[in-house]
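Below are some notes in numbered points, meant to be read beside the coordinates.

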Amino acid sequence: MAAHDHSLGPVLPPVKIEHADVVLVQRHSNTTVTDKIAGVVLWSPTPKQWFVIIAIAFMVLQLLPFSLGNLVVQGIGLWGINSPVGWGFDIINFVWWIGIGHAGTLISAVLLLFRQEWRMAIARFAEAMTIFAVMCAGLYPVFHTGRPWLAYWLLPYPNTMALWPQPRSPLVWDVFAVSTYATVSILFWYVGLIPDLATMRDRAKGFGKYIYGFLALGWRGSAKHWHRYETASLLLAGLSTPLVLSVHSIVSFDFATGLIPGWHTTVFPPYFVAGAVFAGFAMVLTLAIPVRKWYGLEDFITDRHLENMAKVMFATGMIVCYGYFLEVFMAWYSGNEYEWAMLMNRVKGPYAAMYWALWICNGLSIQILWFKWARRSTTVLFIVSQFVSVGMWLERFVIIPMSIHRDFIPASWGMYYPTVFDWGTFIGSMGFFTFLMFLFIRGLPMISMFEIRTLVKRPAEANH
Amino acid sequence: MSSQPNLPIPPPLDLEAIRARLDESKGPQFWRSLEEAAGAPEFQAWLDHEFTDGTSEWSDGVSRRRMVELLGATLGLAGLTSCTKQPPEKIVPYVTAPEDVVPGRPLTFASSIPGVGGVAAGVLVESHMNRPTKIEGNPEHPGSRGGTDAQTQAAILGLWDPDRAQTVLREGRNSTWQRADESLKLLREQMLSRKGAGFRLLTETVTSPSTGAAIKDLLATFPEAKWVQYEPAGRDNARAGARIAFGEPVTAVYHVDQAAVIVALDSDFLVSGPGAVRYARDFADRRRNPASGMNRLYAVEPTPTPTGSSADHRLPATSAEVEGFARALAAELGAGTPAATVKNAAFLKAAVADLAANKGASLVIAGEQAPPAVHALAHAINAALGNIGKTVHYIDPVEVSPADQAAGLKELVGEMQAGKVDTLLIAGGNPVYNTPADLKFAAALRKVKVRIRLGEYDDETGAVCHWVLPMAHPLECWGDLRAFDGTVSLMQPLIAPLYEGKQLIEVLAVLLEKGGREIRDVVKEHWRAQIGASTPHFDDFWQKSIHDGLIAGSASPAKTVALRKELAAELGAAPAGGDEVLLRPCPNVQDGRHANNAWLQELPRPISKLTWDNAVLMSPATAQKHGASNGSMVRLANAVTGPVWIVPGQADGSIVVHLGYGRTRVGKIGNGVGFSAYALRTSANPWRVLGAEVRNTGDSQVMAVTQEHGSMEGRAIVRKASLDEYTKQPDFATHEEKKHKLFSLYPEWKYEGYSWGLAVDLNACTGCNACTIACQAENNIPVVGKDQVNRGREMHWIRIDRYFEGSIDNPAIHHQPVMCMHCENAPCEGVCPVAATTHSEEGLNQMTYNRCVGTRYCANNCPYKVRRFNFFLYSDWDTKSLHGLRNPDVTVRSRGVMEKCSYCVQRINWARIDAERESRRIKDGEVVTACQAACPSGAIYFGDLNDKTSQIVKVKADTRNYALLTDLGTKPRTSYLAKVTNPNQELAPRAEAKPAHGGNH
C-alpha cells in the first residue's frame, strides 16, 4: 500500500455496464474498492458539480437564519397560519423531512437484519441523509411554537415548577420518538463509520490524519474490534428496526388522535410509515443518481441497486395509494356528514388542485415502475422521484391545512396562504440539507468501504 | 432655532449669579444650560414656548418618517437624561382610609353616558383604585335594565384613548386653559357690548337640563346670540314626523313588552336608537318562553339589521317601498290616509290582519332614518289601532330644544357665508367632517373671525379652528342627561380629567362670568331649583340620586296627543321609487364619533361581519347588475368611491352606505379607515340619494371579514322550529340526538363543589355585539388591526356567527354567539404537551398562559374553533394610557400564547372570596359573566349546575336546550336554547319550514 501512487487517481476507468444485475461489478480487488471510495475524499479531483451545488446550497441556506431570526424576533405571525389553520408549512415540512429520513433507517437496519447485500453500497449515504433530514425536521417543532425559547418545556426535566410534560399529548410522544430516532440514527451511522474512518486515517495526509484518527477511536482492525463492531451493529440494527415503524406512527398520531375530519383516522400509522419509506427512497434516488454519475461510482451503486430501490418505492407507493383510497371509502362508508364534507372539500374545495396533484404525483407517476426498463432508467427514476417528493409534500398539505381549514362549524372556516417566511424557512431547510449532504460527500467515505470489500469475490470463489 | 422669530433674545449671562444660585441650592441639581441654571425668566418663557413652529404638525399622529427623526433625536437626548435621577416617589399609607376603599377590590359607581341624540345610557362603572376599567348597565335605569349596547361598553376605551385632545391649542400651538379663559373673558366683554350679536353656539343634541339651562342663560344674557344643534344621525325625522302627526315634536316611548304584533318600518329598534337596550329586553321577554306564547315581528327594511334578522317575517324593500307599505298599512287599517299599492300584497295583507286582530296590543315602529311621513303614518296607525297609551305613549321631547337641526344648520352656514358670524363656539360634534356636502361648512367656517372648538379630539373641525379646547369625556364629567323616557340620569366623574378636558358648561360659565363653581354644585343647584321645593331633605335625596345614577320618578309623564286632521294632506306625495343610495349610521362607529375606538372598528358589523371598513352594501342582484363582486370598487354619484359588499337580504335597487368612515384627523386608529359617505349627503336629502350613478371602477380592495362562510352546510348548528312545530314537539332540537346514546370508556368527572354552565337563548339574541365588546373590555383582549383580521387572527373570545338560510334574496338570518364550550371531554386538554390547558375541579377548561409554549395544537383540535392565538405581541404594552384601562384581575397576554373564554373566572373567584368569607356557597346570580351582564336582551344565562335550584339548571332543563356537535362526545358546558319563530300561517305554509335538529342522518 505504501508504494501506491495516489496521484494516479482512479485505478479503473469508468465503464458503462449494461444491465448490471449485480451488487458489485466484479472487477475490483479490495485495494481498488478502497482506493476508489477513499479517493473521492482524499485525492481524486472534486467534480465541478460539487462546487456548484454546495455554493447554491450555501446561498439558499442563508434563508434559514433570515426567516427563523425574524420569526423569533417578531413572532410566528410572520407565517401564514391563522385561526382555524394553526399548523401550516411548519408541520407539513416537519412530517415531510421526518418521512424522508426513513429510507436511511430502513436500509441500514431492516435490510441488515434481512441480510440484503445490496444495502451495503447505499446504507452510509442513506443514513447520512436520515440524520440531515431529521435535523431539518427538528427545526420545525422548536420554531413553530409561539415561544420557541420555552420549547424545552416539552422535555421531561426536573424543575422548580414541579411540572412534567402532559403525557396524553402526541406532541410529547413526538419529542421522545424523534429524539430517540435522531440519537439511534447518529449512533448507528457513526459506529458504521469507525472501520472506514480508520482506513481514512491511514491514508490521509496532513491535518486530516488527526481528525480521522480522533474520530476512528483507535480502531486497529483486530478480531476483537471486529467482534465488538458486529455485536454493536447488530444491536443498533435491532434498536432501529422498531423505530422505522414507530417514529412515523407516532408522528401520524399527531393527527390520528385529533378529532378533526381528515385527521381522525385509524389507517394513519401504517399509511404514514409507508409514505415515509416511499418519500425516503425517492430522496435517496434523487441524491444517488447524480452523485453516482459525477463521481463515477457505477461499479458500486449498480442498476441493481436502483432497481431494488425503485421496487421498494413502488411497493410503498401502492400502500400509500391504498391509504388514500381507504380515506375516500371510509368517508363514504362511515356515513358521517363531517367526513363526507371533508372528502368533498378535498375533491372540489378551494384546494382541490392540490388533492388531484397528489393523486397524479403519488398515484399515477409511479405506475411506470411496473416496467423493468423504467426501474433501470436513471432518467425515469430521477423524474419519478421528483414527483414522489412533491407528492408526499402535497399529502401533508392535504392532511394538515386542508383538514382544519374547514372543519365542523362553517362560520369559523378560513383559508391558509403561506407567506414568504413560510417559503423562506422551507427552502432554507432544503439548502441546509443539501449543504450538509455535500459536505458529507466531500469529507467522509460515502460508501461503506469495508462492507463493499466483503462483496469482492476472491479469485478462488470466482473460479467456482 | 435661530430662524424662529418669536424666540426671546436671551439677556447676557451673569455668571456670578449662576454660581451663587448653584451654591445655594441643596440636593441634586441638574441643569441643561447656563440659562436654566440662572433661573432666568426668559428661559422659563422659552421653556413654555419651546415647541413653537411645527407643533401643529406634531399633534398629528407620528408619521413613520417623523418617527425615525424622533428616534434619532431620542438617542441624542438620552445622553441628557441618563445622568438624571428619577424624581423620588414616596409611598405613604392613608392616615384616614377613604370610605369603602379596599386595595385590590373595585368599587362601582353609577353614571350616565350620552349616546346618539344625547340620550342617556345608565351605567355602572367599575373602578379599580380610582381607575375606571369596565362599564356595566345600571339595572335600576329604565333605559338599561342592566344591559348595554356595544358603544356604551366601548366608551371605556374612548376615555383612555391616547389620541384624545390633550392640551389647549391656539392656532395649532400649545397653549393653556388660563390663556383660553383670558380670551373667553375678552370675548365676553365684546359680546356684552353687542348683546352677543355675531356669536353662535353649535352643539350636538343637548338633553342635559343643567347644560340646557346654562345655554338658555347665555342666550338671555346675550339676546342676539344664537344656539344651533346639529347631529348627522339626529332625530330630525322623528321630530318632523311627530309634528305632522300631532303638531308638536313629542317623543314616542314604546312598550314593546305589551305588544303581541309589531311592525318595524325600516326600524332597527332592538339595537339602535333611543331605548333600544330596553326594547331588546322587553321584546325578548315575549319570546323567552314560547310555550306561553310569543309576540310576532314583521320587519320591512332596505338592508338587513339585527331587528330584521329577529323578525318572524322580513320583507326587503327600498325606502320608497317602505313608505308605500306604511301608506298602504295606514289606509287598510283606517287611519284615514290615502290608499297605496304595494309590491308584496300577501305580506301587507297578513300584517294588516294581524294588527287588526291585536288592537291595543300591537305596535308599529318607524325607523330613525325613515322619512317623516313614515313616522307620521306609524303614529297614525298606532292611533287607529288604539295602541296609544297601551303599547306606546308620548312624552315631551327629551331634548332641551327640539329644533329642526338641519334647518338650523343651514341657516347658520348661510350666516357664516354672509360674514354675519364673528365668533363660533363648536362644542362636541364634528361639523367640518359630518355636515352635508352641499353646505360646504368648512369653507363657511373659514369666514368666521374667531373659531373656538371644544372637542374630545383635535379633529377635522379642530384643524380649522383658532382655539382647540380639549373636552372632558363623559366619564370625567358631572352632569345630567335624559333617558329615552325622559328619566333624568346623572353623571358623576370616575376620574379627574386625564388630559385638560373641560365640559361645555364650564366654558359657558366663563362666558357668563359664573366660573369658579364646581360643576357638581352647578348640577345640584340646578336640580335644587327645579325640585328642591317639592323634595324634603333634598341633600339626602340628591346623594341617593347620585348613588343610583338617576333621579327617581323623573320619567316624563305621558302626554295626551291627538292626531291632526291635516295629517293626510301633509304627508305629501308618495316618494319616487327607483335606484337609490341610502346613507345609514354605521352600526359600530355610528356617525363617526367612535372612529378612533379600535374595539368598535374591529367589531364585526352584525350582518356583513366586516371589520375596519365601510362598504357599499348591495343585494346580490344589484351587484350582478353593476358587475360587482365583494371588494369591487364602485364610484357613487361621482362623489365617493368604496368597495362593494354583497348582503343577501338587501332590497334590490337599494344601496346602503354607512357613515362614519374616512376620517382624516381623529387619531392613529381611525385615520383613513374606509371612505366618507358624507360627500353624498345633501341638506335636503340627508338619508337618501335617488338615482345616483354607480360606476364600477374595475379596481378592487381587500376587505377584512371575520366570517367567510355564511351557510350552515346543512348541519344542525342553529336549530330552529316554528311555534307550531315546537308545540307539537317541544324537544325538536334534540329528539334525533336522543336516539343515539354515546358511550364512554372513561368515568365522568365528579364535581363536589361547583359546576359552572352557560346557556344562550337563540330566541333572545339579536346579534347586537354588546357581549363581544363587554368581553373585550373585561378580559383585556387586544385588537389586531385590519391586516391581521384579514389573515384570520381576530382575538374576540366570544364571536357571533351569522348564518343565512333560504333564498339569497331574502334569507332567514340567524345569530349564534360562540364562546368556549368548556367541554367535559375537551379535545384541547388532551393534546397540550405542557398541560397549559386543563380541566378545573369546577368544570372550567382553563388556560395557564405562563405555561403555554404555543404549539396551537389545542386550537387545531377544538371543533368549535374558539381558541385565539397571539401570533404577534398584540397587547399594547407601550401606550401608557392604555395601562389604566386594563382589568387588573386578568392577565395581559404576551406573544405566542393561546387564549380563550374563561367563563370570566376572575368574577367567579371574586364571588368565591366573598362566599368563603361568609362561610357559604356562592349564591345563584352572584357570578355574572361579562357577556351575560352586557346582553341587552338577557339571552345569556350562567350559573352553578350543581345548585339544582339555580336559574341555569332550569334553563338547561328547557326542552329547547341543545349543545353544539354533541355527536363528537365533547359534552359542552355551554348550550343553546333553540330558536323558535312565530310565523303567520298565511305567509309561511307548513310544508316550507323544516325543523333543523341534531344528529346525523
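1. What percentage of the 1001 residues of chain B count as buried? The figure is 55%, where buried means 20 or more other C-beta atoms within 10 Å of a residue's own, exposed means 12 or fewer, and partly exposed lies in between, with C-beta atoms placed from the backbone. Please keep in mind that this is a predicted model, in which local features need pLDDT of at least 70 and side-chain atom pairs count only at pLDDT 80 or more, while totals for chains, interfaces and linings use all residues. Residues are numbered from 1 along each chain as its sequence is written, and chains are lettered from A and ligands numbered from 1 in the order in which they are written.

2. On the overall make-up, chain B holds 33 helices and 39 strands; helices (H or I, at least four residues) and strands (E, at least two) are DSSP runs, numbered from the N terminus. Taking contacts in chain B between residues at least 6 apart in sequence, 74% join residues at least 24 apart. A contact here means C-beta atoms, placed from the backbone, within 7 Å.

3. Next, the core. The largest nonpolar core has 431 residues; such a core is a set of buried Ala, Val, Leu, Ile, Met, Phe, Trp, Tyr and Cys residues joined through C-beta atoms within 7 Å. The residues with the most contacts inside this core are F278(A), V284(A), L265(B), A380(B) and I381(B). Its largest share, 18 residues, is supplied by helix α9 (residues 268-295) of chain A. Leaving out residues up to four places away in sequence, I381(B) touches L329(B), A330(B), L333(B), A335(B) and V364(B).

4. The contact between the chains involves 40 residues from chain A and 43 residues from chain B. On the chain A side, α6 (170-203) and α11 (337-348) are the elements that give two or more residues, and α6(A) gives the most, with three residues. By class, this side has 21 nonpolar, 15 polar and four charged residues. The classes are as follows: Ala, Val, Leu, Ile, Met, Phe, Trp, Tyr, Cys and Pro count as nonpolar, Asp, Glu, Lys and Arg as charged, and the others, Gly among them, as polar.

5. Chain B is divided into domain 1 (15-81), domain 2 (169-233 + 401-478 + 496-537), domain 3 (251-395), domain 4 (578-705) and domain 5 (720-742 + 750-981), with bounds from an automatic or database domain assignment. Between domain 3 and domain 4 of chain B, the C-alpha centres lie 27 Å apart, and 11 residues of domain 3 are in contact with 16 residues of domain 4. The domain 3 side has five nonpolar, five polar and one charged residues.

6. Two open sheets of chain B are worth a look. One has four strands in the order β11-β10-β9-β12, with parallel pairing; strands pair if DSSP finds at least two bridges between them. β11 (313-316) and β12 (362-366) stand at its edges with a single partner strand each, so one side of each lacks a neighbour in the sheet. The twist averages 10° from one strand to the next. β10 (residues 296-301) and β11(B) pair over four bridges, and E301(B) stands opposite P316(B). Helix α13 (residues 345-357) of chain B lies across β9 (261-265), β10, β11 and β12, at about 135° to β9(B); axes are lines fitted to C-alpha atoms, for helices over the stretch in contact, and angles run from 0 to 180 degrees between N-to-C directions.

7. The other sheet has three strands in the order β1-β2-β3, with antiparallel pairing, and its twist averages 35° from one strand to the next. Six bridges join β2 (residues 120-128) of chain B to β3(B), and V125(B) has I135(B) as its bridge partner.

8. Finally, some backbone spots to check. Most residues other than glycine have a negative phi, and most peptide bonds are trans. S83(A) and P84(A) are joined by a cis peptide bond, with omega about 15°; P84(A) sits in the loop between α3 (63-74) and α4 (89-113) of chain A. Q590(B) has a positive phi near 55° and counts as buried, with 22 C-beta neighbours inside 10 Å. K609(B) has a positive phi near 60° and is buried too, with 21 other C-beta atoms within 10 Å.

Terms used. Contact = placed C-beta atoms within 7 Å.
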